[in-house]
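Hi,

Here is the structure I promised to pass on. Have a look at it first, and then read my notes below.

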Amino acid sequence: MIRAGRRKYAQNSEELAAAMGVTIGTFRNKKPYADEAFPPHISSDGARVKLWDSEQTAAHLAGRPLPELPQEEDEQDLLDRNEAAAELGVSPKTWDKNYKTHPQIAPHLTTVKGVEHCPRGIVQAFRTGKDTGGGPKGRPKGSGDMVPRDEISARVGDLLDDDPAVTLATIQERIGLSYAAAARALPRLRGERIADLLQDEPDLPPREAAIRLGYPTAVQRAALASAATELRARHVQPYLQRVADVLVGAGLAEAQDVRVQRLEGDVLAAAVALSGSGTPALVWDERYGWRTAVSRRHPIGKETGTPPEGDGIRYLSEHQQPEPAELLAALTDRRHGSRHPKTVHPAGARSEVVRAVGSQALDMSDTGLAPL
């Protein structure tokens, strides 16, 4: 975590490499921070982007004793996603999907050196309000059906955790969602929980996972289909992150966490914001592979069912998951690529997913659906 009042001392890998007089590539290859004498990073264990306290690293490089950091907890301590999740007793993935977008939390998020943090006091206040019944639990019937989008997952998730057999009608009444919004949110959340269980127990048949979670037979088909999509998303995310990291190493992007999105029809897509080229962002779509985007703010754009085309859009490879080096070469050399995708890949192709989660976890004959 970044202790209260020490935000200005947060230092990322690029800055630390510069302070040591080496390139970022040399820094990553030699990993000087792995030495026991090197100051410990202030990011959480397992954090993808590591941060250090620059006062400590400067003292180490100068051969001086390391200044001690504050040890007492403070409401202004900045927690990264792993630490905020631990404070609430949930997984980092649940923090990302159900909590950080909540209106009591989202306005207080702050990015430090490319890493999103939340003040400890905000997380604690949310937890206390939630535990004591002070957190928002839904709108009264008749109060309207317009619910802020960033509240939906957390609020529907609360009802699902309280009652695995919760119905769409109950969600509509308790939260105030429209039928369409409830029908999108509930199967997706059930699917995420099934996916969690299948990853923990790869040999567990999917339908058995749904039964164990208490989901009624009538809703299992939709929940299992959603779980299959969720597992595809989890499988492809490390590849997408690896591409983003290569772009960072090439100086074309800042460190970022890539999030996989579901488009209409459960098509998977993701975006990587760029900063070191004239291209605002790259977009990956499981049907068309990688393409350049014309907007940094809304790179994926609205789903139309057809490949996006136009000025500034260039498809970089006919492969769905080209090696990062191939993608980098195509991005930096405008002679590569095409204005139209050369290959359209079927959405939902599972490729290596079965091996990633166990041979039974995505046996779609168990869901009554066609194989992926």
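**Salt bridges and a pocket**

One network of salt bridges links Lys97, Arg188, Glu192, Asp196, Glu230, Arg234, Arg262 and Asp266. Keep in mind that this is a predicted model. In total, the structure holds 27 salt bridges.

Lys97 is partly exposed at 21% relative accessibility, while Glu230 is buried, with a relative accessible area of 4%.

Another salt bridge joins the side chains of Arg48 and Asp257 (2.9 Å, N to O). Here the loop between α2 and β2 (52-53) supplies Arg48 and the loop between α11 and β6 (261-263) supplies Asp257, so parts 209 residues apart in sequence are tied together. Arg48 is partly exposed, at 31% relative accessible area.

Then there's Arg120 with Glu87, a salt bridge at 3.4 Å, N to O. It ties helix α6 (residues 120-131) to helix α4 (residues 81-88), with the two residues 33 apart in sequence. Both Arg120 and Glu87 are buried.

On to the second largest pocket, which has about 390 Å³ of space. It is lined by 17 residues, and the closest to its centre are Ser13, Glu14, Arg28, Val49 and Ala255. Helices α1 (13-20), α2 (24-30) and α11 (217-249) each give two or more residues to the lining. By type, the lining divides into 8 charged, 6 nonpolar and 3 polar residues.

Cheers

Methods. Residues are numbered from 1 along each chain as its sequence is written. This is a predicted model: local features need pLDDT of at least 70, side-chain atom pairs count only at pLDDT 80 or more; totals for chains, interfaces and linings use all residues. Side-chain values use heavy atoms; hydrogens and water are left out. On a 1 Å grid over the protein atoms alone, a cavity is a set of points where a 1.4 Å probe fits but cannot get out, and a pocket is an open set with protein on both sides within 12 Å along at least five of seven lines; lining residues have an atom within 4 Å of a point. Grid points are joined across faces, edges and corners, and a volume is the space filled by probe spheres set on the points. Helices (H or I, at least four residues) and strands (E, at least two) are DSSP runs, numbered from the N terminus. Ala, Val, Leu, Ile, Met, Phe, Trp, Tyr, Cys and Pro count as nonpolar, Asp, Glu, Lys and Arg as charged, and the others, Gly among them, as polar. A salt bridge is a side-chain nitrogen of Lys or Arg within 4 Å of a carboxyl oxygen of Asp or Glu. Buried means under 20% relative accessible area, exposed over 50%, partly exposed in between (1.4 Å probe, protein chains only).
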